[in-house]
Every structure is written in structure tokens, then in C-alpha cells.
Amino acid sequence: MKKNTLYKTFAAACFVGLMVSAMPGDEVITKDKGQTVVNTSSLTTDVTGYMSNTPLKIYISGNKIQKIEALPNKETPKYFFKVKKQLLNKWDGMTVNKALKAQVDGVTGATMSSDAVKTNVMRGLEYFKKHK
């Protein structure tokens, strides 16, 4: 009888651990030099560009986007370089609310990567609004 209870307790603990690890946690929003940083890595695991996920760090200060940085990914370097240079700065200086409503054009030739980045930005900003 004791073994059965022990197994059930262990199984329940494993289930809770899996559920907690599957949900975004404190690693999503951090602070860095007075800015709030939203890391979309765990928010957008279902969002892929041409080859992979395209996680970002969104830096926000005073409810305005300061910059957006691409995190490591497996996108085609030649095309993702264009996305980093031509797309990531489009939200710089916008308030979070304005950025959420903005219709930002993607980069020609890197459509799938651009769409993934735009989705990452939107999800990151939505998460920020709910958890700031």
C-alpha cells in the first residue's frame, strides 16, 4: 500500500513539474540597466520562420520600445541578416500600444522569417502588457 501511494505522489509531482516547465515563467520578463527585457524564447515555440524559431529580446523603457535583438536561430544567415537590418528597428521608439497596432512590412525575400519575427514581437508585447 505504501509503495502505491509513493508512486502516485511521484507521478503527481512529475506531472506538476512538466506543466510548470511548459508555461512561460519568470525568465520571460527581466530587468537590465533600468529597462524591462522581454525574451520571447518560451512564448513562441510554435512560431517558425523558414527553418527555425526566431526568438527575440525586446527592450522596453518608459513603455517605449528601445530596441529589439534577435536571439540565436537556424534561419538562413544571408536572409536573416536582412531581417535584422531592415525589420527589427521598425518598432524602435514606439509605445507598446502603438507597436501592437502597427502594420509593419516584412523584408522582401525573407517573408517567412519576417512573419515569424512580427509574431514574436506581438506576442512579446502582449505578454509585457499583461505582466508588467
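Visitor: Which residue stands opposite Y59 in strand 4?

Guide: K67 does. This is a predicted model in which local features need pLDDT of at least 70 and side-chain atom pairs count only at pLDDT 80 or more, while totals for chains, interfaces and linings use all residues. Residues are numbered from 1 along each chain as its sequence is written, and side-chain values use heavy atoms, with hydrogens and water left out.

Visitor: What counts as a strand, and what makes two strands pair?

Guide: Strands are DSSP runs of E with at least two residues; helices are runs of H or I with at least four; both are numbered from the N terminus. Two strands pair if DSSP finds at least two bridges between them. Here, strand 3 and strand 4 pair antiparallel over six bridges. They form a hairpin with two residues between the strands. In it, G62 has a positive phi near 60 degrees.

Visitor: How many bridges join strand 2 to strand 3?

Guide: Four, and the two strands run antiparallel. Look for T36, which faces I60 in strand 3. Strand 1 (residues 29-32) also pairs with strand 2 in the antiparallel sense, over four bridges. There, I29 is opposite V38 in strand 2. Strands 1 and 2 make a hairpin too, with two residues between them. K33 in that turn has a positive phi of about 55 degrees.

Visitor: Why is strand 2 largely enclosed by the rest of the structure?

Guide: Start with the cut-offs: buried is under 20% relative accessible area, exposed is over 50%, and partly exposed lies in between (1.4 Å probe, protein chains only). Strand 2 covers residues 35-39, and four of its five residues are buried, so the rest of the structure largely encloses it.

Visitor: What is a nonpolar core?

Guide: In soluble globular proteins, nonpolar side chains tend to be buried together. A core is a set of buried Ala, Val, Leu, Ile, Met, Phe, Trp, Tyr and Cys residues joined through side-chain atoms within 4.5 Å. The largest one here has 25 residues. I60, I65, I68, W91, V117, V121 and L125 touch the most other members. Strand 3 (56-61), strand 4 (64-70), helix 2 (77-86), helix 3 (96-101) and helix 4 (111-131) each give two or more residues. Helix 4 gives the most, with six.

Visitor: Which residues is V117 in contact with?

Guide: Contact means heavy atoms within 4.5 Å. Setting aside neighbours within four places in sequence, V117 touches T54, L56, F80, V83, L87, L88 and W91.

Visitor: How many salt bridges does a search of the whole structure find?

Guide: Three. The test is a side-chain nitrogen of Lys or Arg within 4 Å of a carboxyl oxygen of Asp or Glu. One joins D46 and R123, at 2.6 Å from N to O. D46 sits in the loop between strand 2 and strand 3 and R123 in helix 4, so this pair ties together parts 77 residues apart in sequence. D46 is exposed at 53% relative accessibility. R123 is partly exposed at 28%.
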